[in-house]
Amino acid sequence: MGRVEGKVALVTGGAMGMGESHSLLLAREGAKVVVTDINAEAGEATAQQIRDEGGEAIFIQHDVASESQWQDVIDQTISAYGHIDILINNAGIVISKPNETTTLEDWDLTMAINSTGVFLGCKLVVPAMEKASGGSIVNISSIYGIIGAPNAAAYQASKGAVRMLTKS
Ligand SMILES: NC(=O)c1ccc[n+]([C@@H]2O[C@H](COP(=O)([O-])OP(=O)(O)OC[C@H]3O[C@@H](n4cnc5c(N)ncnc54)[C@H](O)[C@@H]3O)[C@@H](O)[C@H]2O)c1
């Protein structure tokens with residue numbers, strides 16, 4: 001029996017990188033996985049790989065910076081699987097620049113995806129988890145949300161925000 005047998009897990013940024021790994025591992029441990037990402041082709045491929053391995057998964061295209069898309073994803077998850085037990089707030093971007101060359105657009109985009117995306121996921125999934133009598137939320141911050149470095153100002157600020165939002 002897997003460690004998350006029968007649970008329903010939603011993984012943002014599940015098309016590639018760590019999110020793909022989180023999705024595959026959760027499925028191998030028995031979860032039904034909802035893979036979301038802005039990248040539909042790679043996201044569908046992650047969900048297909050899970051199904052090819054005998055697991056259950058669907059892909060939903062999703063920009064984590066959009067509140068309305070978050071609500072759609074949660075509604076589609078409940079409609080497909082009945083409940084949500086696990087949310088992995090993984091989607092994130094890095095724009096590697098020091099503060100003085102970071103544009104306002106760089107800053108706003110990084111904050112929208114890395115910080116606001118996590119805020120929205122936590123806010124909107126909790127009512128669904130309360131209906132199901134509980135759940136777990138995993139927010140992926142970074143060592144760069146704790147320590148300083150010279151070349152990723154917006155990223156560091158966004159990941160520090162994730163760390164403190166999670167504590168709150
Ligand atoms: N890779 C590392 O060494 C490392 C270290 C610490 C923290 N992290 C964090 O882990 C997470 C995953 O990192 P990774 O290295 O796998 O990144 P990655 O770039 O390989 O994958 C990120 C995924 O997020 C998706 N994405 C980007 N913008 C999105 C949006 N607006 N809405 C939904 N999905 C979106 C991308 O399409 C991609 O599939 C990030 O939050 C990152 O900051 C990574």
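Me: Which residue just after H1 takes a positive phi?
Reply: The model is predicted. In the loop between H1 and S2 sits one glycine. Its phi is about 105°, and the residue is Gly30.

Me: Is Gly30 buried, exposed or partly exposed?
Reply: A buried residue needs 20 or more other C-beta atoms within 10 Å, and an exposed one has 12 or fewer. Gly30 has 16 within 10 Å, so Gly30 is partly exposed.

Me: Leaving aside neighbours within four places in sequence, which residues is Gly30 in contact with?
Reply: Gly30 lies in the loop between H1 and S2. Setting aside neighbours within four places in sequence, its contacts are Met1, Gly2, Val4, Glu5 and Gly6.

Me: What separates the C-alpha atoms of Gly30 and Arg51?
Reply: Along the chain, Gly30 and Arg51 are 21 residues apart.

Me: How far does H1 reach from its first C-alpha to its last?
Reply: H1 covers residues 17-28. At 1.5 Å a residue, its 12 residues are expected to give 16 Å. The model comes close to that, at 17 Å.

Me: Which residues of H1 are buried?
Reply: The cut-off for burial is 20 or more other C-beta atoms within 10 Å. In H1 the buried residues are Gly19, Glu20, His22, Ser23, Leu24, Leu26 and Ala27.

Me: Which elements do the buried residues of H1 pack against?
Reply: The buried set includes Leu24 and Leu26. The partners of the buried residues are S1 (8-12), S2 (32-37), H2 (40-52), S3 (57-61) and S4 (86-89).

Me: Which helix gives the most to the shell around the ligand?
Reply: The ligand has 21 residues around it, and Gly13, Gly17, Met18, Ala91 and Gly92 come nearest. By class, the shell has 10 nonpolar, nine polar and two charged residues. The top contributor, with three residues, is H1.

Me: In what order do the elements run from the N terminus?
Reply: The protein has five helices and five strands. From the N terminus on, the order is β-α-β-α-β-α-β-α-β-α.

Me: What is the radius of gyration of the protein?
Reply: For 168 residues the globule rule gives 15 Å. The model is close to that, so the protein is as compact as a globular protein of that length. Its C-alpha trace spans about 50 × 30 × 30 Å along the principal axes. The radius of gyration is 16 Å.

How values were computed:
Residues numbered from 1 in each chain as written. Predicted model: local features only at pLDDT ≥ 70, side-chain atom pairs only at ≥ 80, totals over all residues. Helix = DSSP H or I, 4+ residues; strand = E, 2+ residues; numbered from the N terminus. Rg over C-alpha atoms; globule rule 2.2 N^0.38 Å. Near = placed C-beta within 6 Å. Nonpolar A, V, L, I, M, F, W, Y, C, P; charged D, E, K, R; others polar. Expected span 1.5 Å × (residues − 1). Contact = placed C-beta atoms within 7 Å.
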